[in-house]
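User: I'm new to this one and would like a quick tour. Can we start with a pocket?

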Amino acid sequence: WTKVGTIRGGKEVRLDTITWPGGGIVPAYLEQGGEKIGMPLYKIVTALAPPFTMITNLQDGLCLRGLICKQGDTKMCCYGLSMDLLSQVARELSFRFDLYIAQDGLFGKKNGRNGSWNGIVGELLNAKAQMAFAPLSVSAIRAEVIDFTTPYFFSGVSFLASPKLNADIPLLMFLYPFSTSLWLTIFISLNVTAMAVAIYEWFSPFGLNPWGRQRSKNFSIASALWVMWGLLCGHLVAFKAPKSWPNKFLINIWGGFSVIFVASYTANIAALIAGFFFHPGVRNYHDRS
């Protein structure tokens, strides 16, 4: 179980949605019955990235669209999707903020020499800001130093790569549609079935053997193997048909398996050949096109 809140006296419900400064689950000014007095104040950093964050000049000292922010020492008016979201979150969670734009205007990149960060990430790590409201992409290296909220926007960025021809076809490519274990299983099953067919036919009073019906032809292990391979490969050769009823049933079962095998092999080999001739030159976003 996970604790999500507390209920006191059957009437008062408190949800652990956010931990405010001081350790409470609701702002201190609400517990004290205040309004603006005691409302927490946070420094929030952002960066310009239309249409999420854009700036314009104040008109007669007023911000007619968006929120008042600072770009250096100059007061500007920030607007956009992220600013609308910040305004809504501040209204619902009841906190005040001082909004400013990162000095270098960057989102955050790690310096390989000394390990320091620039941009928004650097502002957070240097304790110049407590939060950031910006279209900051979530990455593994950034997640090691800062905490991200649940993403509120998913971009449609995609990678396009032209296919390249591959003329190098392996010699044993005809074995690729099935795994090694599956090929071994088919080979063992074929030989075991052939031996069973030969034994049934040899000891059956109705089979192709020197006694019983006094047949002029005999059904040996070689004949059984010839039948099994012929059925597995599509019945392209002539072979001796067994006469005993157990063998007729067993060969019908093997024939049904052969039909499924040939259909699966044909479909897989066709897809495999197409994949070998036409394959993308880029396998992941680290590769160069």
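Analyst: The second largest pocket holds about 320 Å³ of space. A pocket, on a 1 Å grid over the protein atoms alone, is an open set of points where a 1.4 Å probe fits, with protein on both sides within 12 Å along at least five of seven lines. Grid points are joined across faces, edges and corners, and the volume is the space filled by probe spheres set on the points.

User: Which residues lie nearest the centre of the second largest pocket?

Analyst: Lys43, Lys70, Gly72, Leu99 and Tyr100 do, out of 16 lining residues. A lining residue has an atom within 4 Å of a point.

User: Which elements give two or more residues to that lining?

Analyst: Those are β5 (67-71) and β7 (96-101). β7 gives the most, with 5 residues. Strands are DSSP runs of E with at least two residues, and helices are runs of H or I with at least four, numbered from the N terminus.

User: How do the lining residues divide into nonpolar, polar and charged?

Analyst: There are 7 nonpolar, 3 polar and 6 charged. Here Ala, Val, Leu, Ile, Met, Phe, Trp, Tyr, Cys and Pro count as nonpolar, Asp, Glu, Lys and Arg as charged, and the others, Gly among them, as polar.

User: What should I know about the model itself?

Analyst: It is a predicted model, where local features need pLDDT of at least 70, side-chain atom pairs count only at pLDDT 80 or more, and totals for chains, interfaces and linings use all residues. Residues are numbered from 1 along each chain as its sequence is written, and side-chain values use heavy atoms, with hydrogens and water left out.

User: What is the mean pLDDT?

Analyst: The mean is 78, and 72% of the residues reach 70 or more. pLDDT is the predictor's confidence in each residue, from 0 to 100.

User: Where does pLDDT stay under 50?

Analyst: Over residues 28-35, for which the model has 10 contacts beyond four places in sequence. A contact means heavy atoms within 4.5 Å. Where pLDDT is low, the predicted coordinates should not be read in detail.

User: Now the sheet. What is the strand order?

Analyst: The order is β4-β6-β5-β7-β3-β8, an open sheet of 6 strands with mixed pairing. β4 (54-56) and β8 (131-132) are the edge strands, each pairing on one side only. Two strands pair if DSSP finds at least two bridges between them.

User: Do β3 and β7 run parallel or antiparallel?

Analyst: Parallel, joined by 6 bridges. Lys43 has Asp98 in β7 as its bridge partner. β5 and β7 also run parallel, with 2 bridges, and Lys70 partners Tyr100 in β7.

User: And how many bridges pair β5 and β6?

Analyst: 5, in the antiparallel sense. β5 and β6 form a hairpin with 2 residues between them, and Gly72 in the turn has a positive phi of about 75 degrees. Gln71 is bridged to Thr74 in β6.
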